[in-house]
Amino acid sequence: MDLAEIWRVMRRRWYVLLPGLLLSAALTAGVYLLVPVEYVSQSTVTLLNSKKATVAFDGNPFLSTQASLTGMADGLARNLNSDDAAADLKALGITGLHEAKIADNAQGPFLWLSVTGTDPAAVLKSDELFTAYAEKRLREFQTQQSVTPEAMIRMTTIVPPQKAEPQTKTRLQYLIMAGALGFVLSLVATFFVEARRRGTTGPGRHRPTAPEGVAPEGAAPEGAAPVPAKAARPVPSGAAAPVTADAAGSP
């Protein structure tokens with residue numbers, strides 16, 4: 001079946017294709033209305049060495065880095081993603097989904113703190129609260145271990161919580177899936193109806209032919225000259241019709 005034939009079938013069965021396309025459009029519009037746009041706000045923080053450890057560097061924490069800071073950043077991220085932290089953040093009024101992770105391609109103890117939601121203003125506010133909560137949790141860890149303030153690891157914000165940006169990729173994927181699914185189902189229904197109609201009225205439904213080698217009834221054998229039909233002779237007026245052999249032998 002070529003493109004021309006497909007187009008002819010679509011034109012011939014438009015009464016099946018058109019409702020399917022309308023339903024596809026309605027399905028796509030429903031997805032557009034039901035799937036909201038998501039917004040993401042993100043901040044970047046880093047862990048710094050303690051004041052005591054930076055004395056040899058004239059108190060500059062960026063000149064004093066240790067591998068243990070990266071391990072601490074990983075442990076802090078895991079704690080911020082825990083259920084206990086989620087309960088605390090909800091009590092603080094944070095809405096949406098939050099996530100803490102080590103920054104991609106980070107060459108130090110850098111963390112990404114992000115919040116995702118449907119209200120851009122609420123997302124930005126939640127990310128600010130999330131960043132402050134991360135610093136609070138870092139102090140609590142060290143306080144539980146009786147670390148003196150001069151020896152505590154510190155946190156500083158490298159990139160403050162950014163304006164919430166829309167994330168349309170997921171919504172666009174759902175829209176494409178809904179439209180494509182509706183279109184495919186419309187085509188399937190169209191060609192199904194075409195196949196059913198051809199099955200009942202197509203060229204396959206014809207009179208059975210005689211077996212090969214057997215001449216149809218009334219036909220001359222192959223190679224024989226056709227037998228001409230006997231012309232009817234006119235009957236004179238008032239004369240009786242001639243009696244045939246069949247009629248004479250019948251009672």
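Which residues is Tyr-174 in contact with, leaving aside its neighbours within four places in sequence? This tour of a predicted model begins there.

Residues are numbered from 1 along each chain as its sequence is written. Local features need pLDDT of at least 70 and side-chain atom pairs pLDDT 80 or more, while totals for chains, interfaces and linings use all residues; side-chain values use heavy atoms, without hydrogens and water.

Select Tyr-174 in helix α6 (residues 169-201); helices (H or I, at least four residues) and strands (E, at least two) are DSSP runs, numbered from the N terminus. Tyr-174 is in contact with Val-31 and Val-35, contact meaning heavy atoms within 4.5 Å. Val-31 is 143 residues from Tyr-174 along the chain, yet their C-alpha atoms are separated by 7.1 Å. Tyr-174 is partly exposed at 42% relative accessibility (buried is under 20% relative accessible area, exposed over 50%, partly exposed in between; 1.4 Å probe, protein chains only).

Next, select Tyr-15 in helix α2 (residues 14-34). Tyr-15 is partly exposed as well, with a relative accessible area of 35%.

Then go to the largest nonpolar core, which has 23 residues. Such a core is a set of buried Ala, Val, Leu, Ile, Met, Phe, Trp, Tyr and Cys residues joined through side-chain atoms within 4.5 Å. Among the residues touching the most other members are Leu-47, Leu-76 and Phe-130. Helix α5 (120-144) is one of the elements giving two or more residues to this core, and α5 gives the most, six residues.

Finish at Phe-130: not counting residues up to four places away in sequence, Phe-130 touches residues including Leu-80, His-98, Glu-99 and Ser-114.
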